[in-house]
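This briefing goes through one chain by topic. Keep the sequence and the 3D view open while reading.

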Amino acid sequence: MPPAGAGTAFGHGASALWPMRGSGPRGKSRAVKQVLECVGFIALVQGALGLVHEFTDWHVGLVQRIGFLDGYEVYASVALLLLAFALFAAAESGGSD
């Protein structure tokens, strides 16, 4: 019989409930943060270029080239900008190094 407090009803210790707590590899969190920031930057640039295209008729960005977005380019560009800010916020709230 295991000592008191050694596990739960499922046979796992308390550390199995929160595997990310405590010491662990920090490289993965930095890599995820960099990926989120990179994707956020691409979304920010494409959203801004989509708005520039709509208001100045410069032929820049990818939003106007996607066929099913015809008529909704401004909404798609604003959605990309909002996605970029959400990705930046997620990258920053990922934890402290």
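Contact here means heavy atoms within 4.5 Å. On that basis E73 touches E54, V63 and Q64, leaving aside residues up to four places away in sequence. The model is predicted. The chain holds two helices and zero strands.

**Overall picture**
- The chain has 97 residues, and buried ones make up 19% of them.
- Take the contacts between residues at least 6 apart in sequence: 60% of them join residues at least 24 apart.
- Helix α1 covers 27-56, and helix α2 covers residues 73-92.

**E73, a buried charge**
- E73 lies in helix α2.
- E73 is buried but has no salt bridge.
- Which side chain of opposite charge is nearest to E73? It is R65, 11 Å away. A salt bridge requires a side-chain nitrogen of Lys or Arg within 4 Å of a carboxyl oxygen of Asp or Glu.

- A76 touches V63 and L69, not counting residues up to four places away in sequence.
- The C-alpha atoms of A76 and Q64 are separated by 9.4 Å. Along the chain, A76 and Q64 are 12 residues apart.
- S77 belongs to helix α2 as well. Is S77 buried or exposed? S77 counts as buried because its relative accessibility is 0%.
- Contacts of S77 are G47, G50, L51 and V63, again without residues up to four places away in sequence.

- The side chains of K33 and E92 form it, at 3.9 Å from N to O.
- Why does the K33 and E92 pair tie together parts 59 residues apart in sequence? K33 lies in helix α1 and E92 lies in helix α2, so the pair links those parts.
- K33 is partly exposed, because its relative accessibility is 28%.
- E92 is exposed, with a relative accessible area of 54%.

**The aromatic pair**
- A pair of aromatic rings is described by the distance of the centres and the angle of the planes.
- The count comes to one aromatic pair. Y72 and Y75 make up this pair, with ring centres 6.3 Å apart.
- Their planes stand at 45°, so the pair is tilted.
- Y75 is exposed, because its relative accessibility is 62%.

- Most residues other than glycine have a negative phi.
- What is the phi of D57? It is positive, about 65°, although D57 is not a glycine.
- D57 sits in the loop between α1 and α2.
- D57 is exposed, with a relative accessible area of 57%.

Terms used:
Residues numbered from 1 in each chain as written. Predicted model: local features only at pLDDT ≥ 70, side-chain atom pairs only at ≥ 80, totals over all residues. Heavy atoms only, no water. Helix = DSSP H or I, 4+ residues; strand = E, 2+ residues; numbered from the N terminus. Buried < 20%, exposed > 50% of the residue type's maximum accessible area, 1.4 Å probe, protein only. Lys, Arg positive; Asp, Glu negative; His and termini not counted. Phe/Tyr/Trp six-rings, centres within 6.5 Å; stacked < 30°, edge-to-face > 60°.
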